[in-house]
Structure formats: C-alpha cells, structure tokens
Amino acid sequence: METGLKKTVGTVSDKPKHKGGRPKIAIKREAFIRVRLTATEHFVIAGRAKDAGMKISDWFRSAARAARVIARLKPEDLQIMRMLTGMANNLNQLTKLAHRDGLLSVARKCDGVMTEIDQALKYFNSDDRQSS
C-alpha cells in the first residue's frame, strides 16, 4: 500500500556536506618579522621556549606582548642627568668641607643638595618618563 510519500535518496538535506581537510584558522598571521640571532642567542631562546612548552615563534610573540619598553632619554632628561652629576660633585665637596670645618656648619648645605637630588631621582623613577 502506497501512502503517497516517496523517500528520496541522496538529497542535499540529508546531512551537511563536508569538504574535509584542515579547518579554517580563526586568526590568520600574515606579517613576518625576521630576526638575526647568534648561535648562543638562539640556543638560549630555544631553551626558554622548550622550558615553557612552547614553539619558539609562540614564545617570541608572548615575550613581545609582555615586554616593557622605556623611552630613550630626551634632551631635557639628559640635562637633568648632567645636573645630577653636578649635584653629586657638590655633595662630595661638601663632605670634604664637613671633614675639614666640622659637620654642623655643612649640614644645612648638604640638606639642600640632598633634597634636589631626591627630586631628580623621583622624576627618573616616575611613570611620566616611560612609554608602553
């Protein structure tokens, strides 16, 4: 007895068509960076990557993302460094004076120089000078 419904064999709606092969990569890396290394540098980096259980390229990417780069000294920064050097020389001279003339007479002068040095050092350790 025929009910009027025919079963079709091999239609598109039966199951999805799989092409096979490797699935598409979600993030495609298209840019290349070539880095020249000495044999020692390569050995060290390969060892670190192996210790981390990573490929060298994955380790490099991870290291590059985590790296913190501090900007080079600007001309203003170099001027402050020269001032610091001068202040350190002044402090040495004040120490010699303290040995010669006595500590109390030089204590006030030293306190001022120490304050200036402290301010300059705080500037160099501040985040204002750093870049990402």
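Select L37, which sits in the segment before helix 1 (39-52); helices (H or I, at least four residues) and strands (E, at least two) are DSSP runs, numbered from the N terminus. The model is predicted, so local features need pLDDT of at least 70 and side-chain atom pairs count only at pLDDT 80 or more, while totals for chains, interfaces and linings use all residues. Residues are numbered from 1 along each chain as its sequence is written, and side-chain values use heavy atoms, with hydrogens and water left out.

L37 is partly exposed at 35% relative accessibility; buried means under 20% relative accessible area, exposed over 50%, and partly exposed in between (1.4 Å probe, protein chains only). With its neighbours within four places in sequence set aside, L37 is in contact with H42 and I45, contact meaning heavy atoms within 4.5 Å.

**Next: I45**

Move to I45 in helix 1. I45 is buried, at 13% relative accessibility. Beyond its neighbours within four places in sequence, I45 has contacts with L37, I56, W59 and F60. To check one of these pairs, draw a distance between the C-alpha atoms of I45 and F60: the value is 8.5 Å, for residues 15 apart along the chain.

**Next: the largest pocket**

Select R29, E30, A31, F32, I33, V35, L37, H42, I56, S57, F60 and R61, the residues that line the largest pocket. On a 1 Å grid over the protein atoms alone, a pocket is an open set of points where a 1.4 Å probe fits, with protein on both sides within 12 Å along at least five of seven lines, and lining residues have an atom within 4 Å of a point. The space in the largest pocket is about 470 Å³; grid points are joined across faces, edges and corners, and the volume is the space filled by probe spheres set on the points.

Colour the lining by class to see seven nonpolar, two polar and three charged residues. Here Ala, Val, Leu, Ile, Met, Phe, Trp, Tyr, Cys and Pro count as nonpolar, Asp, Glu, Lys and Arg as charged, and the others, Gly among them, as polar. Helix 2 gives the most to this lining, with four residues.

**Next: the salt bridges**

R61, in the pocket lining, also forms a salt bridge with D58, where the closest N and O atoms are 2.6 Å apart. A salt bridge is a side-chain nitrogen of Lys or Arg within 4 Å of a carboxyl oxygen of Asp or Glu. D58 and R61 are three residues apart in helix 2 (residues 56-66), so about one helical turn separates them. D58 is partly exposed, with a relative accessible area of 30%, and R61 is partly exposed at 27%.

A search of the whole structure finds two salt bridges. For the other, select K122 and D118, whose side chains meet at 3.3 Å, N to O. Both lie in helix 4 (residues 103-125), four residues apart, about one turn of the helix. K122 is exposed at 54% relative accessibility, whereas D118 is partly exposed at 37%.

**Next: the largest nonpolar core**

Select L84, M87, L94, A98, V106, C110, V113, I117, A120 and F124, the ten residues of the largest nonpolar core. Helix 3 (75-101) and helix 4 are the elements that give two or more residues to this core, and helix 4 supplies the largest share, six residues. A nonpolar core is a set of buried Ala, Val, Leu, Ile, Met, Phe, Trp, Tyr and Cys residues joined through side-chain atoms within 4.5 Å.

Within this set, centre on L94, which touches V106, K109, C110 and V113, not counting residues up to four places away in sequence.

**Last: the whole chain**

Zoom out and show the cartoon: the protein chain has four helices and zero strands, in the pattern α-α-α-α along the sequence. Of its 132 residues, 12% count as buried. Among contacts in the protein chain with a separation of 6 or more, 52% join residues 24 or more positions apart.
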